[in-house]
Amino acid sequence: MTVAASRFGIEGAGVIRWKRPRLSRLVLFVGLIVMGPYAASTFLDLSIPAPTGEYAVGRESWIWVDQSRPESHTPDPHDVRSVPVRAWYPAQAGTGQPARYVEDLAVIEAGLNESGEVGWLETLGLRAVRTHALQGAAVAESDEGFPVLLLSPGNATNVGFYSAIAEDLASRGYVVIGIDHAFQVAAVRTEDGTVAVYDQTMDTGGPDAVGPKIEERVADMAFVLEQLRDGTGGIEFLAPDLDLTMIGVLGHSNGGISAAEMCRTDATITACINVDGQAAGGPFGYEQDAVAPDQPFMFLTKEASIHEELHSRFESAGAGAVRAVVPGAEHGDFTDGGMLEPDINPFANTARSVLVSSRALVGAFFDQWLREPRTQPFSGLDVESDVYINVYPLEGYPPIPAISP
């Protein structure tokens, strides 16, 4: 593999295999589950990588209601905004029970199918996915409290499909609050018991359609922060262990753009990561003239080159700006989906390697700004795929890879 970081002198050599996994192609394989245990055990590994941190991982879910916001996706003017959340947190080993990969699957299954994102055979496979999280686990002891990370998923993707990254962060000492943005994820149960299915009418506005999506997500995240600071509404058992002076935001695709927007609009955010999300303002926002947030900001992407204009914006951002590239990745590899799709060779899964490398980058960045600063935060990474890292300002070093014409 190649691990190259400008300004840090980290180098290696090797070749990575390219692959195009997609969550939707699981439909071709999860049927093996119902065709026999031998086929399933041979070709499928329906599990996510084990967390790397010292803590066990607890998991709980809530549905909060923002009474101040009408629900724009429903015809009833009296409806208000439901904000379903899922928490992954450091837990005491030996407490709790194994958590299911998808909560309320029987309730939301029809909605998942209706969204067009998950087929009926895929839902069979989802029942067999194994996680490392524990439902109802006691919170681990902490003298100073655990930093908090908000997680916003990609378009039409439930936040549970980011369990590999979320569990790893929780095992490293973070409380991860994932948000299932109602009507922007595939399907999720809302406070009144109904199922909010992905609203495809939001995709009819052309290039400008992403703006309202991002604004709605940012409003959801701001509301979640209010709830966390209030410390009630089901989170009482966790509230005393939250360090709300150290808050990070992480998102993928539309969630990544939302993370950048959230950083710019809320000065209490300590650091943020955009995972492979680009709009009119590149990775910095949905507006053409968007610039990097003032806080430390990492763009984790599959794009091997960078346009001169975006390079200039990274340079202008100054210390704390990072561009990390996993060139063998596809967009879906930053979710659990590509990893759960088997290769013809069951002993090699490029998507799994990409995700292991990606979560190492995410953990190193947040550790640097929310936990223990290091002179070389990206040295000694446990990566399984090629990685390139630019830490800005480059101070005369050429970007890795080179700027595109």
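**Aromatic pairs and a helix end**

In this predicted model, helix α5 is followed by G231, whose phi is positive, near 75°.

Visitor: What distance does helix α5 reach from its first C-alpha to its last?
Guide: Helix α5 covers residues 210–230, which is 21 residues. At 1.5 Å a residue, 30 Å is expected, and the helix comes close to that. The reach is 31 Å.

Visitor: How many aromatic pairs are there, with ring centres within 6.5 Å?
Guide: A pair of aromatic rings is described by the distance of the centres and the angle of the planes. With the cut-off of 6.5 Å between centres, the count comes to 10.

Visitor: How many residues apart in sequence are the parts tied together by Y55 and F146?
Guide: The two rings are edge-to-face, 5.6 Å centre to centre with 85° between the planes. Y55 lies in the loop between α1 and β2, and F146 in strand β6, so the pair ties together parts separated in sequence by 91 residues.

Visitor: Is F146 buried or exposed?
Guide: Buried means under 20% relative accessible area. F146 has 2%, so F146 is buried.

Visitor: Are the rings of Y89 and F237 stacked or edge-to-face?
Guide: Planes over 60 degrees apart count as edge-to-face. The ring centres of Y89 and F237 lie 5.6 Å apart and the planes are at 70°, so the pair is edge-to-face.

Key. Residues numbered from 1 in each chain as written. Predicted model: local features only at pLDDT ≥ 70, side-chain atom pairs only at ≥ 80, totals over all residues. Heavy atoms only, no water. Helix = DSSP H or I, 4+ residues; strand = E, 2+ residues; numbered from the N terminus. Expected span 1.5 Å × (residues − 1). Phe/Tyr/Trp six-rings, centres within 6.5 Å; stacked < 30°, edge-to-face > 60°. Buried < 20%, exposed > 50% of the residue type's maximum accessible area, 1.4 Å probe, protein only.
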